[in-house]
Amino acid sequence: HGSRTSSTDPLLSAVRPYTEESHWGASFAYTYTKGRQNRDINEHYSFDGATLDDYPWIDSNAAPRHRFVATGNYDGWWGINIGAKLTLASPTAYNGFICQPPTQPVGQGFCTPASDRPSGYGQFIIGGGFWAYRSLDLQATKDFNLWGDVNAFVRLDILNVLNFRNRATIENGTFNGELKSRYSSTGDFTGVPRTVKVEVGFKF
């Protein structure tokens with residue numbers, strides 16, 4: 001079918017469920033992903049080589065190697081539920097090609113899939129530039145009972161509170177026969193800048 005993928009994803013998590021008696025809840029989850037494939041995850045064919053064996057296994061660009069997500073919520077003053085979500089992720093591998101020149105006097109060069117994992121560029125609280133994605137989101141929600149099972153709510157969200165600039169553009173090139181990549185400091189961003197949203201609605 002033109003592509004092969006393989007992934008191992010151990011997950012470590014701890015959850016303290018929210019209860020009305022305790023008025024709080026929290027969760028922590030760490031995922032380690034070792035993904036491999038023979039093509040860029042966005043490609044679905046392999047026409048250049050004669051067989052799939054011509055395409056080596058490379059690091060997958062479908063998911064970061066390390067990902068940590070922590071959430072928490074608490075019933076505060078006046079029945080306002082306050083919540084927070086922290087998301088951290090290491091760099092995702094870049095997938096490209098290493099191309100060989102055409103054989104002489106006649107022939108055609110062949111480009112072999114290759115991967116490289118750019119270095120992180122950001123820290124969170126402590127440590128060096130390990131992370132490539134960082135976001136801290138906050139929310140506050142207040143419910144109002146109107147009648148019976150009909151409720152109104154007001155919700156305030158502040159996304160990416162610390163206004164992290166999560167880079168998306170990757171520069172790449174071939175050096176000494178190896179694929180090298182790095183995040184561009186002038187390219188696009190992923191996610192959102194600091195964003196404030198207010199919602200008003202009904203639940204019935």
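Let's start with Glu178 and Lys180, whose side chains meet in a salt bridge, 3.4 Å from N to O. By salt bridge I mean a side-chain nitrogen of Lys or Arg within 4 Å of a carboxyl oxygen of Asp or Glu. Glu178 is partly exposed at 44% relative accessible area, and Lys180 also counts as partly exposed, at 38%. For those labels, buried is under 20% relative accessible area, exposed is over 50%, and partly exposed lies in between, with a 1.4 Å probe and protein chains only.

A quick word on what you're looking at. This is a predicted model, where local features need pLDDT of at least 70 and side-chain atom pairs count only at pLDDT 80 or more, while totals for chains, interfaces and linings use all residues. Residues are numbered from 1 along each chain as its sequence is written, and side-chain values use heavy atoms, leaving out hydrogens and water.

Back to the charges. A search of the whole structure turns up seven salt bridges. Asp59, Arg65 and Arg117 are linked in a network of them. Asp59 meets Arg65 at 3.9 Å, N to O, and Asp59 meets Arg117 at 3.7 Å, N to O. How accessible is Arg65, buried or exposed? Arg65 counts as buried, at 19% relative accessibility. Asp59, at 28%, is partly exposed, and so is Arg117, at 27%.

Asp59 also takes us into the sheets. Strands here are DSSP runs of E, at least two residues long, and helices are runs of H or I, at least four, numbered from the N terminus. Two strands pair if DSSP finds at least two bridges between them. Arg36 stands opposite Asp59 in β5, and two bridges join β4, residues 34-37, to β5 in an antiparallel run. Those strands belong to an open, antiparallel sheet of three, ordered β1-β4-β5. β1 (5-8) and β5 (58-59) are at the edges with a single partner strand each, so one side of each has no neighbour in the sheet.

There is also an open sheet of seven strands, antiparallel again, in the order β2-β3-β6-β7-β12-β13-β16. Here the edges are β2 (11-16) and β16 (195-203); each has a single partner strand, so one side of each is left without a sheet neighbour. At the β2 end, six bridges join β2 to β3, residues 24-32, running antiparallel. Ser13 has Ala29 as its bridge partner in β3.

Now for the cysteines. How many disulfides does a search of the whole structure find? One, where a disulfide is a pair of cysteine sulfur atoms within 2.5 Å. It joins Cys99 to Cys111, 2.0 Å from S to S. Cys99 is in β8 (residues 94-99) and Cys111 is in β9 (residues 111-116), 12 residues apart. The torsion about their S-S bond is about 110°, so the disulfide is right-handed. Cys99 is partly exposed at 47% relative accessibility, and Cys111 is partly exposed at 24%.

Last stop, the inside. The largest nonpolar core has five residues: Leu86, Leu88, Phe124, Trp131 and Phe164. A nonpolar core is a set of buried Ala, Val, Leu, Ile, Met, Phe, Trp, Tyr and Cys residues joined through side-chain atoms within 4.5 Å. Leaving aside neighbours within four places in sequence, Phe164 is in contact (heavy atoms within 4.5 Å) with Gln123, Phe124, Arg134 and Ser135.
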